[in-house]
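My notes follow the model below.

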Amino acid sequence: MLLLATCALAATLTVGTSGTYATIADAEDAAFSGDVIDIGSGTWVETLDPGGKDLNYESSAGAVISGVAPCLEVSGGEVVTVTGLTFQACSGAIVAGGTSRVVVTNTTFEQNDCSEGCAILARGSADRSEEHTSELQSPDHLVCRLLLE
């Protein structure tokens with residue numbers, strides 16, 4: 001009897017001038033569940049959209065996600081991790097709905113529109129836990145945690 005086992009290792013998809021992908025959206029389109037999207041330095045005016053995949057967004061280079069509404073939206077039951085990013089000037093930095101789960105560590109939220117959640121807006125049955133290693137600030141630099149609906 002011959003048994004074959006397959007195993008898929010998570011890939012790291014690099015975005016930026018020295019990366020394989022020019023935009024975060026290009027990396028998301030190419031990614032599979034479990035992959036890491038490593039976002040290069042600079043300001044990215046894009047909505048992070050895992051598209052139903054469990055993705056890990058990371059930056060050790062100081063990437064800023066800015067100026068879109070929302071900066072990250074998950075609603076299809078995805079499990080998404082965010083590490084080392086800055087969400088700036090977003091209308092609702094992270095919006096999670098349905099049965100989605102977002103784990104946030106070492107992430108900064110600055111000057112976001114608080115009417116849609118300065119940092120994280122959890123709708124419905126989305127996981128409402130929070131990692132306390134993130135810096136959450138409103139436009140007035142007041143600490144703003146979670147807006148739950």
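I took a disulfide to be a pair of cysteine sulfur atoms within 2.5 Å, and with that rule I found that the structure holds one disulfide. I kept in mind that this is a predicted model, in which local features need pLDDT of at least 70, side-chain atom pairs count only at pLDDT 80 or more, and totals for chains, interfaces and linings use all residues. Residues are numbered from 1 along each chain as its sequence is written, and side-chain values use heavy atoms, with hydrogens and water left out.

Which residues does the disulfide join? I noted C71 and C90, with an S to S distance of 1.7 Å. The torsion about their S-S bond is about -80°, so I recorded the disulfide as left-handed. C71 lies in the loop between β5 (63-66) and β6 (72-74) and C90 in the loop between β8 (86-88) and β9 (94-96), so the pair ties together parts that are 19 residues apart in sequence; strands here are DSSP E runs of at least two residues, numbered from the N terminus. Both C71 and C90 are buried, that is, under 20% relative accessible area with a 1.4 Å probe, protein chains only.

I then turned to the sheet, counting two strands as paired if DSSP finds at least two bridges between them. Five strands form an open sheet with parallel pairing, in the order β1-β2-β4-β7-β10. β1 (12-15) and β10 (101-105) stand at the edges, each with a single partner strand, so one side of each is left without a neighbour in the sheet. Looking at one pair, I saw that β2 (residues 36-39) and β4 (residues 56-58) run parallel over three bridges, and that D38 stands opposite E58 in β4.

Terms used:
Helix = DSSP H or I, 4+ residues; strand = E, 2+ residues; numbered from the N terminus. Buried < 20%, exposed > 50% of the residue type's maximum accessible area, 1.4 Å probe, protein only.
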